[in-house]
Amino acid sequence: MSKRQPDRRLITIRNGVIAFAVAMVVIIGGYGLMRSTAVDVGGEFVEGTHYHIIENATVVPTRGPIRVTELFSYGCVHCRNFDPLVADWVVDLPEGVEFDRIPVGFSPVWAQLAQAYFALLNLDALEQNHARIFAAIHDNGKQFQSAEMIADFVDGHGVTREQFLRAYSSPAVVRAVADASARERRSRVNSVPALMVADYYMVDMNTVPRKKAFEVAQFLADKIRAGRSTP
């Protein structure tokens, strides 16, 4: 008695279903890869995926330098890891772009560090201490619980203890902290590091790889510049 031959029509249907499933996996996987690399098929970054307009943001400035802002904290290890990329980018800022930082105050300790940032900036001693503060906290486990502790740490590094404490509580620094806090609230940021462009766009750091973040910022600056040149 001969064995029954397999139904060729069923085999064809089964193979077709398998081929369709494989094709869908490839298409979906390719789409996911495209999204994760932060560039669409047209070579541009996409609103809602790689950046978003800040809710209730002010109008984009129509003149003057385009400001790219890093929101950060010395207490944030991710900010510390992001800092070398920031340092590399600001060495050669694109024409018409300026850079600044907003130290966020998500906690009382972070708020003290934010005020220390502006005190050092006011005294022109930030460059000597910026990386030192990151390293002290994240490499050596140092905890700054008061302005006096920060003053002791920066003493002799471009500033004296007494100079730092005077600047820390000065009207200029208190005003700078208040202005930065207002910009922080308007940005609606809830995690750092973050990149904001013209106080209008926010780079989505959850979607965009850290090394691509400044590419998105540059894309947005170019987008603003192109809008200015359009009648």
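Just after helix H7, arginine 188 takes a positive phi of about 60°. Helices here are DSSP runs of H or I with at least four residues, strands are E runs of at least two, and both are numbered from the N terminus.

This is a predicted model, in which local features need pLDDT of at least 70, side-chain atom pairs count only at pLDDT 80 or more, and totals for chains, interfaces and linings use all residues. Residues are numbered from 1 along each chain as its sequence is written, and side-chain values use heavy atoms, without hydrogens and water.

The protein chain has eight helices and five strands. Of its 231 residues, 37% are buried (under 20% relative accessible area, with a 1.4 Å probe and protein chains only).

Now to H7 itself. Helix H7 covers residues 171-187 and spans 24 Å from first C-alpha to last, close to the expected 24 Å (1.5 Å times one less than its number of residues). Its buried residues include Val173, Val177 and Ala180. The buried residues of H7 pack against these elements, among others:

| Element | Residues |
|---|---|
| Strand E2 | 66-72 |
| Strand E3 | 97-103 |
| Helix H3 | 108-122 |
| Helix H6 | 161-168 |

How do H3 and H7 pack? Their angle is about 125°, and their axes lie 9 Å apart (lines fitted to C-alpha atoms over the stretch in contact, with angles from 0 to 180 degrees between N-to-C directions). Gln115, Phe118, Ala119 and Asn122 in H3 meet residues of H7 including Val173, Val177 and Ala180 (heavy atoms within 4.5 Å).

Terms used. Buried < 20%, exposed > 50% of the residue type's maximum accessible area, 1.4 Å probe, protein only.
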